[in-house]
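Trainee: Hi! Could you walk me through this one?

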Amino acid sequence: MSKTIGILTGGGDCPGLNSVIYGILLKAADAGYNVIGIEKGWKGFLENRTRELDVSTLDDLHTVGGTLIYTSRTNPYKKSKNIQNPIEREKAIKNTAEMMASQVKKLKLDALITIGGDDTLGVAAAMYKFAGANVIGVPKTIDNDLSSTDYTFGFWSAIQLASNTMDNITTTARSHQRIFIVEVMGRDAGWLTLVSGISAGTDIILIPEKPFDLQNDIIKILKDRVDSGRKYHIIACSEGAIPTKESLERDFTTISPQDIDELPKDDFGNPLLAKLNMSKILVRELNNQNELREYFIRKDAEYDIREVTLGHTMRAGTPNSFDRILGLRLGVQAVKLVIENNFGQMACLNGTEIGSVALTEGAQKKLVPLTSDLLEVADLITKVKCGKK
Ligand code: F6P
């Protein structure tokens with residue numbers, strides 16, 4: 001009897017999800033496996049929402065954005081998160097992992113491929129660790145914040161969208177001589193902002209890994225830029241960018257440390273950083289900087305500050321070619337791991353090669369290291385663009 005693979009997609013949607021699904025379907029059909037799509041991620045998994053997927057009816061699925069099988073942010077271990085005692089917490093996680101592993105059997109699956117970010121993969125990793133479930137992971141997220149893979153699919157599509165918008169906003173900024181603050185997704189990781197900001201040549205880049213000082217990192221740069229005759233300015237700002245404690249206390253009048261500490265959280269305990277809307281806060285704070293306003297006016301420059309929050313437009317639309325190819329390759333690799341009975345693994349990209357790594361390792365986060373050469377490139381751009389012409 002032919003074997004059955006279940007697949008699910010969890011967390012935020014992401015360009016390239018369908019490419020992975022198509023890669024899985026292509027390889028599974030060739031190897032004689034059936035594929036069942038589990039709808040809405042872990043939610044549908046727990047609610048037995050399944051449907052058969054037939055590759056012959058899904059031509060060119062890899063070119064289509066979003067996910068055919070829907071997604072959700074559902075954390076089956078949510079209750080364990082609030083247990084303070086570590087031994088009790090681990091016991092609760094183990095119990096849930098065993099329940100989840102038995103659900104794999106109940107759904108009559110020989111293997112389960114989970115496609116998601118650190119949250120979704122973390123759920124699968126615990127199912128393998130505590131209950132030996134036949135799970136495989138595929139790393140997904142526009143945020144690119146997963147260790148053990150050089151890129152997650154979706155990242156470069158999102159970069160292109162953000163970079164294009166920043167390029168385009170320049171004409172408005174130039175025409176009106178405005179300051180534009182463009183807020184970029186990415187939660188607590190700055191990869192999206194850093195790379196799209198460099199790509200578009202934004203004048204200032206603010207990322208979560210490097211808390212900023214309003215005086216030194218924004219006001220001083222803006223003054224230097226008007227001194228050198230530059231009359232419009234683009235700031236790329238991560239949704240997770242925050243001021244240093246010192247700057248927050250000294251320079252900010254419209255938010256307090258409490259506002260940051262008390263942000264609501266999602267099912268996985270991630271603070272909902274977008275709710276802070278740092279670009280809007282910066283507009284308000286800069287509008288309160290009367291000395292800076294007068295400085296601009298003395299230099300015959302407009303002081304008009306606007307913000308654009310890219311939000312979900314960054315995950316929208318079709319995957320670019322890089323993400324289509326990466327998605328297909330990761331999907332094929334995931335099925336190969338199933339065929340080899342090599343469970344508890346995550347497909348990954350090492351340089352230009354597709355490989356695999358233990359899920360427990362692959363589900364870990366990867367933030368921008370402060371030693372990254374990308375930060376040096378960004379700093380050089382900022383420095384040169386506020387110096388003499
Ligand atoms: O993790 C991907 C991501 O797009 C983050 O950059 C962002 O903070 C979050 O998802 C938004 O999630 P949701 O679509 O659930 O609001």
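Predicted model: local features only at pLDDT ≥ 70, side-chain atom pairs only at ≥ 80, totals over all residues.

Trainee: Thanks! Which residues are around the ligand?

Mentor: You'll find R73, I142, D143, M185, G186, R187, E239, H312 and R315 around the ligand. That shell divides into five charged, two polar and two nonpolar residues.

Trainee: How far is an oxygen atom of the ligand from an N or O atom in the side chain of R73?

Mentor: The distance to the R73 side chain is 2.8 Å. For R315, a side-chain N or O atom also lies 2.8 Å from an oxygen atom of the ligand.

Trainee: And what about G186, which part of that residue is involved?

Mentor: With G186 it's the backbone: a polar atom there is 2.9 Å from a ligand oxygen. On its own the ligand has 400 Å² of accessible area, and the protein covers 76% of that.

Trainee: Where does the ligand sit?

Mentor: The ligand is in the largest pocket.

Trainee: Switching topic, how is the protein divided into domains?

Mentor: There's domain 1, made of 4-153 + 319-362, and domain 2, which is 158-315. Their centres, taken over C-alpha atoms, are 35 Å apart.

Technical notes. Residues numbered from 1 in each chain as written. Heavy atoms only, no water. Near = heavy atom within 4 Å. Polar contact = N/O pair within 3.5 Å; in protein donor to acceptor, adjacent residues only side chain to side chain. Areas by Shrake-Rupley, 256 points an atom, 1.4 Å probe, with all protein chains shown as cover. 1 Å grid on protein atoms, 1.4 Å probe; cavity = no way out; pocket = protein on both sides within 12 Å on 5 of 7 lines; lining within 4 Å. Sits in = over half its atoms within 2 Å of the grid points. Nonpolar A, V, L, I, M, F, W, Y, C, P; charged D, E, K, R; others polar. Domains from an automatic or database assignment.
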